[in-house]
Amino acid sequence: MDKTLGEKIKQYRLRSNLSQFELESKINASNGTISRIENNTINPTKETLLKLIDVLNLNVNELLDLFGIKKSNNLEALVKSAKELNKDLNLDHVLQSAVNEIVYELGLSGSFIVLKEGSKLYSKAVTQDWVIKLAMKFIPGKFTSLSVDIVKDIDNLMVKSFLNQKEYVSNNLHDFIVPAVNRNVSDTLTKFTGMKSAIVLPIILNNKSIGSIYFSRNNISDFKDILDVLKLFTEHISLAIENARKYEELSNTLNTIKHG
C-alpha cells in the first residue's frame, strides 16, 4: 500500500532525527502543525512544503516520491514536445519549455541553457521544479545574470562545448558553473540537488555554435543510453531559437516602420 503524504513526511523527519516540535521550530510553524500533517488531518500549504523540502534536505527522487510523481521515459512524447517548440515564437517560452520538457520525459534531475551574447555565455533558462527553485536561493542575484567568458573561462565545460562543438561529461557540478558561481556555492548546490553526473551539448545553428545546454542526473552516468535523444532534442531547440529570433526581428522591424 502506498504511503500517504503525511507518512512520507514523517519518514523523512525521522531520518533527519527531528522531533515534531523541532521541525515546527525550524519552519516557524505553530504547535501541532506537523502532527496534523503527518496524521493527514491537514494538507501543508505551498509555503510549508517549500520549507519542509529545504529543512529535510530532500533530493529530487525523494521530492518526486513525496508528490507521487512517476518518472517517464516516453520518448515519443519527448519528440512531440520538441517539435512543438518550433511553433512557439516567444524565445523565453521556447527556452523554458525546452529545459522543463526533456527533464520530465527522460527522468533527468535538471537542465539549463546558456546563449552567446557578445564574448560571453549568459544563463537563459533553468528547469523549474521545487528542488531547483529552492537551489536558486543559494545563488547571489538572478540566475539570468550569471555568465562565463568565452575567451577567459576556457576550462568551463559550457564554454568548451560551445567552442569545440562537442559534448562533455563530468561528475562535478563546478566544472559547468565556475567561475560564474564560486566553488562553495557549487558544492552546496551539488549536495542540495543530489547531482551525481552531468553532460553539456553545444547548441549549433548553421554549423555555428550559439550556446550550450546542460543536463544532469542523480546517478553516475556516461549518458550514452540517451545521447542520441539529447542530440536530437538539442537540434530542435536550435531551430526553435532561430524561428523565435526571426519573429522577434520581424516584429521589431514592423514596429519601427509603424512608429517611424
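Two strands are taken to pair if DSSP finds at least two bridges between them, the strands themselves being DSSP runs (E, at least two residues) and the helices likewise (H or I, at least four), numbered from the N terminus. In this sense strand 1 and strand 2 pair antiparallel over 6 bridges. The structure is a predicted model, in which local features need pLDDT of at least 70 and side-chain atom pairs count only at pLDDT 80 or more, whereas totals for chains, interfaces and linings use all residues. Residues are numbered from 1 along each chain as its sequence is written, and side-chain values use heavy atoms, with hydrogens and water left out.

The protein chain contains 12 helices and 6 strands, and 45% of its 260 residues are buried, a term that denotes under 20% relative accessible area with a 1.4 Å probe, protein chains only. The strands form an open sheet in the order 3-2-1-6-5-4, with antiparallel pairing. Because strand 3 (147–149) and strand 4 (168–170) stand at the edges with a single partner strand each, one side of each is left without a neighbour in the sheet. On average, neighbouring strands of this sheet are turned by 25 degrees against each other, direction ignored.

Strand 1 (110–117) has 6 of its 8 residues buried and is therefore largely enclosed by the rest of the structure. Its antiparallel pairing with strand 6 also extends over 6 bridges, and Phe112 stands opposite Tyr214 of strand 6, while the bridge partner of Phe112 in strand 2 is Val126. Strand 1 and strand 2 form a hairpin with 2 residues between them, and Gly118 in the turn has a positive phi of about 65 degrees. Strand 2 (residues 120–126) is joined in turn to strand 3 by 3 bridges, again antiparallel, with Tyr122 opposite Ser147.

Helix 7 (residues 91–106) lies across strand 1, strand 2 and strand 6, running at about 150 degrees to strand 1, where axes are lines fitted to C-alpha atoms, for helices over the stretch in contact, and angles run from 0 to 180 degrees between N-to-C directions. The buried residues of helix 7 include Leu91, Val94, Leu95, Ala98 and Ile102. An α-helix has 3.6 residues a turn, so residues three or four places apart point the same way. At the N-terminal end, helix 7 is capped by Asn90, of which a side-chain oxygen lies 3.1 Å from the backbone nitrogen of Asp92; just after the helix, Gly107 takes a positive phi of about 65 degrees.

Note on methods. Buried means under 20% relative accessible area, exposed over 50%, partly exposed in between (1.4 Å probe, protein chains only). Contact means heavy atoms within 4.5 Å. A polar contact is a pair of N or O atoms within 3.5 Å; within protein, one must be able to donate a hydrogen and the other to accept it, and residues adjacent in sequence count only if both atoms are side-chain atoms.
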